[in-house]
Structure formats: structure tokens, C-alpha cells
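Some labels used for a protein model rest on cut-offs.

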Amino acid sequence: MNSMISYTRPDGKTVQGYLAKAEKQIGSLVILQEWWGLNDQIRGVADRAAKAGLTALVPDLYRGKSTVEAEEAHHLMTDLDFADAASQDVRGAVQFLAKLGGKVGVTGFCMGGALTILTLTTVAEVAAGVVWYGLPPLEDVDASKIKVPMMAHWAMQDQLFPIASVEALEEKLQRAKVNLESHRYLAHHAFANETAQGPGRNPAMQYDAAWAQIAWDRTMRFFGTHLA
């Protein structure tokens, strides 16, 4: 049931992605990777969403590339055209899932969280979005274009996305009257990534099982409300 598939972008180009199908689907979800690429960890997130009733598609934004090295991940992320990814890769994934029936949401982690926000400003077919500890430059966010419910999870001890930048984003979203449910956790960046632990982890990132479960439960309830 879970496998790599190909789908078509609005401009006609073909993209690959990892599709995890729910047996009893209540909605669908585009899941956007961290800067590491389409790896086993993010496939696991898609599998977990499918078990909860959300058919999930993870676009291969790096076109087959992935890494475990922060320097290479930064290089891959820097080379990514975020505007093209949101308007083409992600929108194509949303349109693919919509053809399966039901509403489609979007969620993403770190780099994928930033891309989720941009997607909410550009892809009209999305019904709801959840951001995990990632945001784009504030000047790139046209909050007036976000017309759907949005949830966000932030880490208070995040060194990559400081809470001050989160507060600036929240203020901009509030001024635009975005339907925002925002949560903060006494945790570090990537607190929901179970691979961010052990002696080889990036020092700026730290998994926290308790907060990760709470945030996941909130996310599933949110999508259950807005996609069912």
C-alpha cells in the first residue's frame, strides 16, 4: 500500500513522492520533509498519518537526494526554489490527493514547516495546515492570503528559529486575522524527530518523546476536525 509514485505538477512536469494510503480514509495530507530529504524518518511520519486515517504524500523535493550531514543538507536546502516548490511540487501533490476524494491538508517540519506557510499563501486547494518549528523570512509571508485554519508547533529553546521570530510571525498572522492555533513547548529544534537523539545528533536538535506525542495528538485532532 505504501510506495513511491509519480504525479504531475500544474506545469506538466513529473515529480516523485512517497504515498502512504489509509485503509479507512478521512482525509489526505501532503507532508513536507526536513532539510535532510525524503528519508526513512519522514516516510515513517507518512505511514503514521495513514494509520490515523490520512492518506499521505511526501513530495521528493530534492529529486532523489538525501543526506545525514548538516552541511550537505544546508546546501540542498539553499538550492531549493521555495516558490516553485510551493506552487508546483506541493500544489501538484495536493491536486493528486484531491482526486482520491476528500479534503487535503499540508504539514511540514523545519524547512518543510517554512514551506507549509508559503503553501498556505499560494495553494487555494489546501483545507488546513500545520507547521512544525520552521518559518520563512517574514517579508515572504503574505498573511492576507491565508484563508484556512492553521496550527503551529514551536520550540522555546530553538536555536535555528528563535522564538522572537516566531512572535513576529504570529503578530503578522493575527493582524491578518488568520485562524491560528499556536503551541509552544519547552524543547529544542526537531523535538518531534525521533532520530534527533544519541551521540551523533546535531547539537541544535533534540528529540523529546513527551512533547512530540502531545504535538502529534493535537495535530491529528486538528486535521480530524478540518479534513473529515
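Q: Why is F96 called partly exposed?
A: This is a predicted model, and in it F96 has a relative accessible area of 24%. Buried means under 20% and exposed means over 50%. The value of 24% falls in between, so F96 is partly exposed.

Q: Where in the chain does F96 lie?
A: F96 is part of helix 3, which covers residues 82-98.

Q: Which residues is F96 in contact with, leaving aside its neighbours within four places in sequence?
A: They are I5, S6, Y7, L19 and L57. Each has heavy atoms within 4.5 Å of F96, which is what contact means here. As for V30, 66 residues from F96 along the chain, the C-alpha atoms of the two are separated by 9.9 Å.

Q: Why does R9 count as buried?
A: The relative accessibility of R9 is 5%. R9 sits in the loop that joins strand 1 (3-8) to strand 2 (14-20).

Q: What makes the pairing of the R9 and D89 side chains a polar contact?
A: The distance given for the two side chains is 2.7 Å. A polar contact requires a pair of N or O atoms within 3.5 Å, one able to donate a hydrogen and the other to accept it. The value of 2.7 Å is within that limit, and the pair is listed as a polar contact.

Q: Which other residues is R9 in contact with, leaving aside its neighbours within four places in sequence?
A: Besides D89, the list holds V15, R63, D84, Q88 and G92.

Q: How many helices and strands does the protein chain have, and what is their order?
A: The chain has six helices and eight strands. Starting at the N terminus, the order is β-β-β-α-β-α-α-β-α-β-β-α-β-α.

Q: What share of the residues is buried, and what share of the contacts joins residues 24 or more positions apart?
A: Buried residues are 53% of the 228. Of the contacts with a separation of 6 or more, 68% are between residues 24 or more positions apart.

Technical notes:
Residues numbered from 1 in each chain as written. Predicted model: local features only at pLDDT ≥ 70, side-chain atom pairs only at ≥ 80, totals over all residues. Heavy atoms only, no water. Helix = DSSP H or I, 4+ residues; strand = E, 2+ residues; numbered from the N terminus. Buried < 20%, exposed > 50% of the residue type's maximum accessible area, 1.4 Å probe, protein only.
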